[in-house]
Amino acid sequence: MNAYITATGAHLPGPPINNDEIENVLGLVDGKPSRLKKRILKANGIKTRHYALNGGHETTDSVPGMGAKAARQALSASHVDTHDIRMLSCATTQGDFVAPGFASLMQAELGIPRVEIHTTHGICSSSLMAVKAAANTIRLGEQPNALVVASELASRLFKHTRYEAAGGGKVIDFNAEFLRWMLSDGAGALLVESTPSTRSARIDWIRSFSHADAYPLCMSIGGTRDNDDARTWQDFPTYAEAEAAGALLIRQDVKLLDDVVKMGIDGALRLIDEGAFNPATLDHMLCHYSSHHFRSKIFEMLDVAGASIAEHKWYTNLYERGNTGCASIFIMLDEFLRTHDLEPGETILCMVPESGRFNTAYMHLTMVENP
Amino acid sequence: MSANPEALERTVIGEHAQAALRSLMQVWFDFERELAQVPILRKLLDGRFAKEDYRTLLLNLRQQVIEGSRWISRSASSFDRDFSDVRSEVIGHARDEHRDYEMLEKDFVAAGGDLDAIRGRERNLGSEALHGYLMYRASRPNPVELLGAMWIIEGLGEKMANDWAGRIDEQTGLDGATRFLKYHGENDDDHLSKLYQLLDRVCVDEATVAQIVKCAQVVARLYRLQLEEVTRG
């Protein structure tokens, strides 16, 4: 039995926000413009993004709220009604509630009766894990369809008040500020079914390789800025003390990012060795990553080694839609499928390197047409 | 896996050399993954590396650096007339590096170490095994598999310069004590293109590729042992 992506949807809240407008929304830390902003934005290449926050730093939507808009868009392009959904598989880095799982809240928002739910926990790659659970359930014949939703509302972490509560500009370092200029909000949804519709993407395989056993944390929320302090946010007497110690800030150890890229390539080389895909015959590459990392020597080396994917095969909308964590790959796939007239047989590789603690997920699709 | 507009001048190498390069990249990624778990290097990744750790590291690296120039010189003499072009390359390489350890000693002193202590230091168990293996291989006729060893050693040079050195400067607060580590990042592009040429020259069949890859794996394993031994006893 096969599983097919038969419809996709995406939702980006509010208007596109350009680089000069970011601090109007997120605010000025200690009332001063950031000194690192320009440098980080230049490196990640993002030009516009969306926030579910207004200029008064008030939240304008919710994680399931955005997810539902993306899901309804996907369903509107299909023959499946909301009440016909049999499995709901959901991903977010940080939902509105600490508990219960995001899929419960998503089900309530969409109003789907008696649905089987599944929530994956992680960062950027959690959405592909959610697709894998959906695809495998369908392949096993346990359900005829599944709605997969990924939604992120990271901007709440980037309000100036968060940084001020953790000590302000004096103590906020590059690693703590990096993601403020990188992440934004949005949601994406995929409808997966056991039979293809008019034009669908067959899910050939989804694989991932994690290296948390070998590498330290690279992107995280919960630990303090002090490397010798093993406490995480819930170990403090009060959440206020955890916040003051910086344990609720989202951090990126930027020095480790090259290693994340290397492990992503390592996984791809393994999949090539296994014959899971052939870089020469692959038609399209959708990668959740900023392009500046692809200018490194390793990519030249892959070129020499005959393992490169030609430049014209790469597609991304990261620079216009922003980096929306686990929702990014769905938002990318949605726009790619809407704007490209793909022929049956064309292949797509989606690749999501998650810096969190070094997990990279891959999904291979082949376009099919229902006869 | 590339969207690199700068890679227009394509280096063209044969099918066997390409296969070797792909495997060597994987050996390298495995090696780096393992290095991240070696105690002395984990300290560096976690931001807990002290001056004393740096001195301990240098104490253990010096003997390998000295022996390094020896196995390269030895291997040069093992290439016969059919490999005279390879021999020329190897001789050049040996000449470039055979006094590197002097720079390392100066760094050790700049980091507060005692020159006699580093000069009198015994090879650690890993250095002993690595040296033994490399000298054995270098003494055999036409040891082309040592390209695998060069791959790992060159990769380490690049990693020391572009990863270790900056972290060590930052975490130890030392100034001007990482010249040896940084020096190895120079002329990287040149070294890489030479390596591609050499791979293309010697990778004539699958058996040669397998030998080169195995040699890289052994050297990676023994180099890791050398670094593990740094903090053992």
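The model is a predicted one, so local features need pLDDT of at least 70 and side-chain atom pairs count only at pLDDT 80 or more, while totals for chains, interfaces and linings use all residues. Residues are numbered from 1 along each chain as its sequence is written, and chains are lettered from A and ligands numbered from 1 in the order in which they are written.

Back to A:Asp30: its phi is near 60°, a positive value in a residue other than glycine. A:Asp30 sits in the loop between α1 (22-26) and α2 (37-44) of chain A, where helices (H or I, at least four residues) and strands (E, at least two) are DSSP runs numbered from the N terminus. A:His57 also has phi near 60°, again positive in a non-glycine residue. This one belongs to the loop between β3 (48-49) and α3 of chain A, and A:His57 counts as partly exposed, with 17 C-beta neighbours inside 10 Å. The backbone has a cis peptide bond too, from A:Ala99 to A:Pro100, with omega near 0°. A:Pro100 is placed in the loop between β4 (87-92) and α4 of chain A.

Leaving out residues up to four places away in sequence, A:Val63 touches A:Thr92, A:Gly95, A:Asp96, A:Phe102, A:Ser151 and A:Leu153; contact here means C-beta atoms, placed from the backbone, within 7 Å.

The axes of α3(A) and α4(A) (residues 102-110) come within 9 Å and cross at roughly 60°. Axes are lines fitted to C-alpha atoms, for helices over the stretch in contact, with angles from 0 to 180 degrees between N-to-C directions. The pair is therefore oblique, given that angles under 35 degrees count as roughly parallel, over 145 as roughly antiparallel, 65 to 115 as roughly perpendicular and the rest as oblique. On the α3(A) side, the contact includes A:Val63, A:Pro64 and A:Ala71, and on the α4(A) side A:Phe102, A:Leu105 and A:Leu110. By class, that contact has eight nonpolar, two polar and one charged residues; Ala, Val, Leu, Ile, Met, Phe, Trp, Tyr, Cys and Pro count as nonpolar, Asp, Glu, Lys and Arg as charged, and the others, Gly among them, as polar.

The axes of α3(B) (residues 51-78) and α8(B) come within 13 Å and cross at roughly 155°, so the two are roughly antiparallel. Here the crossing is left-handed. B:Lys51, B:Tyr54, B:Gly68 and B:Ser75 of α3(B) meet B:Leu146, B:Ile153, B:Ile168 and B:Thr172 of α8(B).

The largest nonpolar core holds 172 residues, and A:Val192 and B:Ala216 have the most contacts inside it; such a core is a set of buried Ala, Val, Leu, Ile, Met, Phe, Trp, Tyr and Cys residues joined through C-beta atoms within 7 Å. Helix α8(B) (residues 146-172) gives the most to this core, with eleven residues.

Terms used
A residue is buried if 20 or more other C-beta atoms lie within 10 Å of its own, exposed if 12 or fewer, and partly exposed in between; C-beta atoms are placed from the backbone. A crossing is left-handed if the near helix is turned anticlockwise from the far one by less than a right angle, and right-handed if clockwise. Two residues are in contact if their C-beta atoms, placed from the backbone, lie within 7 Å.
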